[in-house]
Amino acid sequence: MYDDGDGPPRAAGADDARTRAAEVRVAFEGLLQIRRLTHTGAGDREASPAPWELGRPVRAVALALEAAGITPSAVDTATGQRVATGYRVRAAEAEPGTVTVEWLGPPGSGAAGQEESALTDCARVLDRLGWDALLYRGRARRRFLEVRPPHTGP
């Protein structure tokens, strides 16, 4: 139950949207409950990723973003073309446990012009949940977030 932004578009009906929002809310509350039950340090028991999240960072980050009301992108399954503007979460190739978040949309959607503010919003959500989210500029000068577990130690 997560949307990494590479799946098919969601159904457009109001009932479907309410159902999805309820599913995401329940899943996110479950994630917070896992944090409360597995937290071993001092401080806010919901303020850092749980071991479950660290083992599934793409799922955890995508769920956090969708629960915050940030829209995932979508791809037409028949054509492979991107059909909705929003976030996409992928595992980082070079670093296990790290993910990248991109802001993508169909050609002509203006996604490139939205990416800095949209990704800044994504970073705020993830920072509040204890992830380290850093904004970078990559190939073709497109921005992306690198999201990793919180730094611990010296």
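A residue counts as buried when its relative accessible area is under 20%, as exposed when the value is over 50%, and as partly exposed in between. Keep these cut-offs at hand for the exercises below, which work through a predicted model.

**Exercise 1**

Find out which residue Arg 90 meets in a salt bridge, and where the two partners sit.

*Solution.* Start with the pair itself: the side chain of Arg 90 meets that of Glu 102, at 3.2 Å from N to O. Now apply the cut-offs. Glu 102 has a relative accessible area of 16%, so this residue is buried. Arg 90, at 33%, counts as partly exposed.

**Exercise 2**

Decide whether Arg 18 and Asp 15 are buried or exposed, and describe how they are paired.

*Solution.* First, the pairing: Arg 18 and Asp 15 form a salt bridge whose closest N and O atoms are 2.3 Å apart. Both lie in helix α1 (residues 14-38), and because they are three residues apart there, about one helical turn separates them. Then check accessibility. Arg 18 has 53%, so it counts as exposed. Asp 15 has 54%, and therefore counts as exposed too.

**Exercise 3**

Work out which parts of the chain are linked by the salt bridge between Arg 142 and Glu 115.

*Solution.* Begin with the distance: the two side chains meet at 2.7 Å, N to O. Arg 142 is in the loop between β5 (132-137) and β6, while Glu 115 is in helix α4 (residues 111-128); the pair thus links distant parts of the chain, 27 residues apart. As for accessibility, Arg 142 is partly exposed at 31%, whereas Glu 115 is buried at 4%.

**Exercise 4**

Describe the surroundings of Glu 146.

*Solution.* Locate the residue first: Glu 146 is in strand β6 (residues 143-148). Its relative accessibility is 16%, so Glu 146 counts as buried. Next, turn to the side chain, which makes a polar contact of 2.2 Å with the side chain of Arg 148. Last, set aside neighbours within four places in sequence; the residues in contact with Glu 146 then include Glu 95, Thr 98, Val 99 and Tyr 136.

**Exercise 5**

State how many salt bridges the structure holds.

*Solution.* The count is 13.

Notes: Residues numbered from 1 in each chain as written. Predicted model: local features only at pLDDT ≥ 70, side-chain atom pairs only at ≥ 80, totals over all residues. Heavy atoms only, no water. Helix = DSSP H or I, 4+ residues; strand = E, 2+ residues; numbered from the N terminus. Buried < 20%, exposed > 50% of the residue type's maximum accessible area, 1.4 Å probe, protein only. Polar contact = N/O pair within 3.5 Å; in protein donor to acceptor, adjacent residues only side chain to side chain. Contact = heavy atoms within 4.5 Å. Salt bridge = Lys/Arg side-chain N within 4 Å of Asp/Glu carboxyl O.
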